[in-house]
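Have the model open while you read.

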Amino acid sequence: MENLLDVVDLKTYFPVASSFFSKKKKVVYAVDGVSFSIKKGETLGLVGESGCGKTTIGRTILRLIEPTEGKALFEGDNIFEYDKKKMKALRRKMQMIFQDPYASLNPRMRVGNIIGEPLAIHHIAGRKERRERVLELLNIVGLKPEHYDSYPHEFSGGQRQRIGIARALALNPDLVIADEPVSSLDVSIQAQIINLLAELKEKFQLTYLFISHDLSLIRYLSENVAVMYLGKIVEMGKSERIYNDPKHPYTKILFSAIPTPDPRVKKKRIIAEGDVPSPIDRPSGCHFHTRCPWMIEPLCREVEPLLKNAGNGVLVSCHLINR
């Protein structure tokens, strides 16, 4: 199975406005040298705590944010070199489901127009055919035909996210980037939306980049997992291999925080000391060394570890593994 998307050494930096007294220009290293691949029909789960750069990766791939360096090869072509015309054509193959179902829908547009807007922008079919396509999409995501003329404020959060999913599917995309699509929903509604996304993946042979901080959801949906910390991937590989035997200290800490359904089972919790460093002023060497319970002095403080194979196809950037 060939790769649909290859991200190579992606860097996305944001300059910070310097103060009157500061002469040195500061930069937010949101994404710093990230590489991964997604095969057709598979899901890559991108996981990490808030501020690690997950959402920035998704938006950069779609060119909603311009990259600083790197490549994004979609079906072998570097889309960062595309002009506006070629990028517009590519958007038919790449769509995004946004995190906030309240902010991502235009409150002044009816649902039929929201879902049908991509079809109108790309001049696909006439008005009658577009209406039929929108009604079909409403049915696919579990909404009713009478919702066609309603406004977003008339729906619950879960229904709004279904509208967002229908809009993402309107152009029959190959790649869907789901940016924490259930994080703002109630737990019972989360399960419905996740099951819907899993069904749609099978039905339409979709490829997902699923961004989340919920490790249980990532395990349920994803064949492969990439764990991020401060703009870098620290561990990546097959989902079951990483969940059954996490290698990187940060991954171990994340997984130790997953609650167990059985209250009688006692689980040892590993605590990361201190706060997450600023992406503007990152620690030297391994960026996680200031919080790592197993830090090797002075190696971890002075030398940045590379992402290397730790066995079974799992890539890890840690001096404990790669010594």
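## Ground rules

A residue counts as buried when its relative accessible area is under 20%, as exposed when that is over 50%, and as partly exposed in between (1.4 Å probe, protein chains only). This is a predicted model, so local features need pLDDT of at least 70 and side-chain atom pairs count only at pLDDT 80 or more, while totals for chains, interfaces and linings use all residues. Residues are numbered from 1 along each chain as its sequence is written, and side-chain values use heavy atoms, with hydrogens and water left out.

## Two domains

The chain splits into domain 1 (41–61 + 83–222) and domain 2 (236–322), with bounds taken from an automatic or database domain assignment. Their C-alpha centres are 32 Å apart.

## Where they touch

Contact here means heavy atoms within 4.5 Å. By that rule, eight residues of domain 1 meet 11 residues of domain 2. The two domains bury about 870 Å² between them, 52% of it from carbon and sulfur atoms; that area is the accessible area (1.4 Å probe) lost on putting two parts together, summed over both. On the domain 1 side, Glu 49, Leu 215 and Arg 219 lose the most area to domain 2, together 68% of what that side buries.

Two salt bridges are counted between the domains, each needing a side-chain nitrogen of Lys or Arg within 4 Å of a carboxyl oxygen of Asp or Glu. Glu 49 also turns up in a salt bridge with Arg 291, at 3.2 Å, N to O.

## The cysteines

A disulfide is a covalent bond between the sulfur atoms of two cysteines. With a cut-off of 2.5 Å between cysteine sulfur atoms, the whole structure has zero disulfides. Cys 292 is in none, and its nearest cysteine sulfur, on Cys 318, is 6.3 Å away. Cys 292 is buried at 16% relative accessible area, and Cys 318 is buried too, at 7%.
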